[in-house]
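Subject: Structure for your study

Dear colleague,

Please find below the structure that I am handing over to you.

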Amino acid sequence: MTQLVLAARRYTSGIDPAWMFLAIALLVLTLVDADQATASLLFTGDALIRVSPFLVLSIAVAAYARASGADNLIASAFSGHMASMIAMAALIGALSPFCSCGVIPLIAALLAMGVPLAPVMAFWLASPLMDPSMFLLTAGTLGTTFAVYKTAAAFGVGLFGGVGTWLLVRGGALARPLRQSAGGCGCSGNAVCSSEPVQWRFWDQADRRKTFRQNVISNGLFLGKWLTVAFFLESLMLAYIPAEAVTATLGGEGWLTVLAATLVGVPAYLNGYAALPLVGGLIEQGMAPGAGMAFLLAGGVSSIPAALAVWALARWPVFLAYISFAFVGAFGFGLIFTLFS
């Protein structure tokens, strides 16, 4: 028996755990629900296709910056005036068209370039919550007041997380935000990665071409596998978590309902568009609007698929800070909306 265990361990030691998880999960799903297995594969493939332009662009930009040495200039451009950078990052994030998983490649590129963690966190938190098309759909479904407040809340959550991260970094926490497997140059996110001169035409040098190629491959494989896992999990949650269960949990008013909506919104992923009619129905049934706001804010930032992608990218302290800022921000802005709506 011991020999079999050792042999199995040797056989699986070279297999990536993300791909192993996907293979086992797909096998089990095929045996239990073959139709859903097919649907999940189609959903995952479609999601990867939709996010692929952002993925390819961010990987190429990060690899170019590394090969040319431009990451040094990019990191330097984000030095100084931290408060302004955080506010601008939160504002841009609140208006950008990224979902909670789709923003991960861009975040990886920014951190790998040595961009300070505080403005990255502000953008990271604000980006999945609102964009122009989401604003219009929210206004049409839940009203203009709800849409305007959610936009302001997206900025507020990003600002809260950015400032909180800034204070933590100044206190000596959250050093080296990226996991070693996520790439990067080993910098803390607050320093310039390299002192080598910039070579914009990097393809003229063999070593820089090799650096570019290695970064494209390593970052592409890393981000691709974890986004695949995230989208696969999203498909399962959309299929097996009934909207009726969410309705039963979130009905009612008061701060406890806002807290419950925040707690449910964190793990129970519903993409922003699918969640709008659900929240509208809940509000019509008597749920406090602030609870609906908290649900949308919490689910948009820190659902299980998004959290998994963040966990794969960032070290534990950064991951915990991300989840904490998302939870406190969603609850706080949901509670404020309840008090004044």
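Please bear in mind throughout that the model is a predicted one. H6 itself covers residues 104-112 and is mostly covered, with 8 of its 9 residues buried. Those buried residues are Ile104, Pro105, Ile107, Ala108, Ala109, Leu110, Leu111 and Ala112.

Among the buried residues of H7 are Pro119, Met121, Phe123 and Trp124.

Which residues touch the most other members of the largest nonpolar core? They are Ile104, Ile107, Met121, Trp124, Leu125 and Leu313, and the core has 83 residues. Ile104 and Ile107 are also among the buried residues of H6, while Met121, Trp124 and Leu125 are among those of H7. If neighbours within four places in sequence are left aside, Ile104 is in contact with Trp124, Leu223, Leu227, Ala309, Val310 and Leu313.

I turn next to the chain as a whole. The chain contains 16 helices and 0 strands. Buried residues account for 47% of its 341 residues. Of the contacts in the chain with a separation of 6 or more, 83% are between residues 24 or more positions apart. The accessible surface of the chain is about 15,800 Å², and carbon and sulfur atoms contribute 69% of it.

One pair of helices deserves a paragraph of its own. Two packed helices are described by the angle between their axes and the distance between the axes. Helix H12 (residues 255-265) packs with helix H16 (residues 316-340) at an angle of about 145 degrees, and their axes are 9 Å apart. The crossing in which H12 passes H16 is right-handed. On the H12 side, the contact is made by Trp255, Val258, Leu259, Thr262 and Leu263; on the H16 side, by Phe327, Ala330, Phe331, Gly334, Leu335 and Thr338. The residues of this contact comprise 8 nonpolar, 3 polar and no charged.

Gly69 is placed in the loop between helix H3 (34-68) and helix H4 (71-77). Is Gly69 buried or exposed? Its relative accessible area is 6%, and because the limit for a buried residue is under 20%, Gly69 counts as buried. The C-alpha atoms of Gly69 and Phe202 are separated by 8.7 Å, although the two residues are 133 residues apart along the chain.

Gln199 lies in the loop between helix H9 (144-170) and helix H10 (206-240). With a relative accessible area of 27%, Gln199 is partly exposed. Not counting residues up to four places away in sequence, Gln199 touches Ser68, Gln205 and Arg208. The C-alpha atoms of Gln199 and Ala65 are separated by 9.6 Å, and these residues are 134 residues apart along the chain.

Val148 is located in helix H9. Its relative accessibility is 44%, and Val148 therefore counts as partly exposed. Between the C-alpha atoms of Val148 and Leu136, 12 residues apart along the chain, the separation is 10.0 Å.

Yours sincerely,

A colleague

Notes: Residues numbered from 1 in each chain as written. Predicted model: local features only at pLDDT ≥ 70, side-chain atom pairs only at ≥ 80, totals over all residues. Heavy atoms only, no water. Axes fitted to C-alpha atoms, helices over the stretch in contact; angles between N-to-C directions. Helix = DSSP H or I, 4+ residues; strand = E, 2+ residues; numbered from the N terminus. Left-handed = near helix turned anticlockwise from the far one by under 90°. Contact = heavy atoms within 4.5 Å. Nonpolar A, V, L, I, M, F, W, Y, C, P; charged D, E, K, R; others polar. Buried < 20%, exposed > 50% of the residue type's maximum accessible area, 1.4 Å probe, protein only. Areas by Shrake-Rupley, 256 points an atom, 1.4 Å probe, with all protein chains shown as cover. Core = buried A, V, L, I, M, F, W, Y, C linked by side-chain atoms within 4.5 Å.
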